[in-house]
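Please read them with the structure open beside you.

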Amino acid sequence: MPSKSSTIVTGLTVAALVAIGLLGFQASASASGPLTPVRGSVRTADEKPAARDQHDKKDKPPAPAPVPAQSGSGKRVVYALGAKRVWLVGADGAAQRTFAVAPSTVSPVPGTYPVSSRSVSVTGSDGVAIEHVVRFASVDGVVVGFSAAVDGSTPAPGGANAKKTGGIRESREDGAALWDFAVRGVKIVVVP
């Protein structure tokens, strides 16, 4: 003999199925025409192929900037001074990540440098708390390296009286990625 609670559950289930069926019927009865996909390769009769192709191009993100040609081989960090961009390049020569940076007021000359030291967190020479510091060069006594400001800030562009700093700033997320990639001894290749 079924219990009272199982009868209630069965009754509620049947009522829910009837309600869903009724709502489905009402929806199909009120639809004005056949459904067409919002995105995809289906084109409406009045849409021109060229217009559709331009729309598709707008939806695609731009391709990542290619690794600079004269940046060497093997696992390395490539820093392009002019592009203000960094690439983390794996041993296979493929870029694993690329991102923009805010350059320091002192730039190293193009060449290859090893990661010389690292610090999890310190105060930068500009007084800002920074993390994931990866140092690789020194220019006229100013140490140059990558870092991320804990507050997410980037340095203001330097003027004639700007303090000489070697901190190349990146986002916190990019700084963490570079920190994991650029262990002591990994090459930093600086290109123009």
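1. A definition to begin with: buried means under 20% relative accessible area, exposed means over 50%, and partly exposed is in between, using a 1.4 Å probe and protein chains only. With that in hand, His-132 counts as buried because its relative accessibility is 16%. His-132 is found in strand β6; helices (H or I, at least four residues) and strands (E, at least two) are DSSP runs numbered from the N terminus.

2. A word on the model and its numbering. This is a predicted model, in which local features need pLDDT of at least 70 and side-chain atom pairs count only at pLDDT 80 or more, while totals for chains, interfaces and linings use all residues. Residues are numbered from 1 along each chain as its sequence is written, and side-chain values use heavy atoms, with hydrogens and water left out.

3. On confidence: pLDDT is the predictor's confidence in each residue, from 0 to 100. The protein has a mean pLDDT of 80, with 70% of its residues at 70 or more. Please treat one stretch with care: residues 35–45 have pLDDT below 50, and beyond near neighbours in sequence this stretch has eight contacts in the model. Contact here means heavy atoms within 4.5 Å.

4. Back to His-132, and what surrounds it. Which residues does His-132 contact, leaving aside its neighbours within four places in sequence? They are Ser-119, Val-120, Phe-146, Ser-147, Glu-170, Gly-175, Ala-176 and Trp-179.

5. Four strands make it up, in the order β5-β6-β7-β8, with mixed pairing; two strands pair if DSSP finds at least two bridges between them. β5 (117–123) and β8 (167–170) are the edge strands, each pairing on one side only. From one strand to the next, the twist averages 30°. β6 and β7 run antiparallel and are joined by seven bridges, and Val-139 has Val-142 in β7 as its bridge partner.

6. A helix goes with this sheet. α3 lies across β5, β6, β7 and β8, and runs at about 60° to β6. Axes are lines fitted to C-alpha atoms, for helices over the stretch in contact, and the angles run from 0 to 180 degrees between N-to-C directions.

7. Next, the nonpolar cores, each a set of buried Ala, Val, Leu, Ile, Met, Phe, Trp, Tyr and Cys residues joined through side-chain atoms within 4.5 Å. The largest has 22 residues, and those touching the most other members are Val-77, Val-86, Leu-88, Phe-136, Phe-146 and Leu-178. Two or more residues each come from β1 (76–80), β2 (85–89), β6 (129–139), β7 (142–149), α3 (172–181) and β9 (187–191). The largest share, four residues, is given by α3. A second, separate core has six residues, among them Ala-80, Trp-87, Val-89 and Val-191.

8. The whole structure holds three of them. Arg-97, Glu-173 and Asp-174 are linked in a network. Arg-97 pairs with Glu-173 at 3.1 Å between the closest N and O atoms, and with Asp-174 at 2.8 Å, N to O. Asp-174 lies in helix α3 and Arg-97 in strand β3, so this pair ties together parts 77 residues apart in sequence. Glu-173 is exposed at 60% relative accessibility, Arg-97 is partly exposed at 26%, and Asp-174 is buried at 11%.

9. The remaining salt bridge joins Glu-131 and Arg-172, with closest N and O atoms 2.6 Å apart. Because Glu-131 lies in strand β6 and Arg-172 in helix α3, the pair ties together parts 41 residues apart in sequence. Glu-131 is buried at 13% relative accessibility, while Arg-172 is partly exposed at 39%.

10. Finally, do look at β9. Four of its five residues are buried. β9 pairs with β1 in the parallel sense over five bridges, and strand β4 (residues 111–114) joins β9 through four bridges, running antiparallel. Val-189 in β9 stands opposite Val-78 and opposite Thr-112.

Technical notes. Salt bridge = Lys/Arg side-chain N within 4 Å of Asp/Glu carboxyl O.
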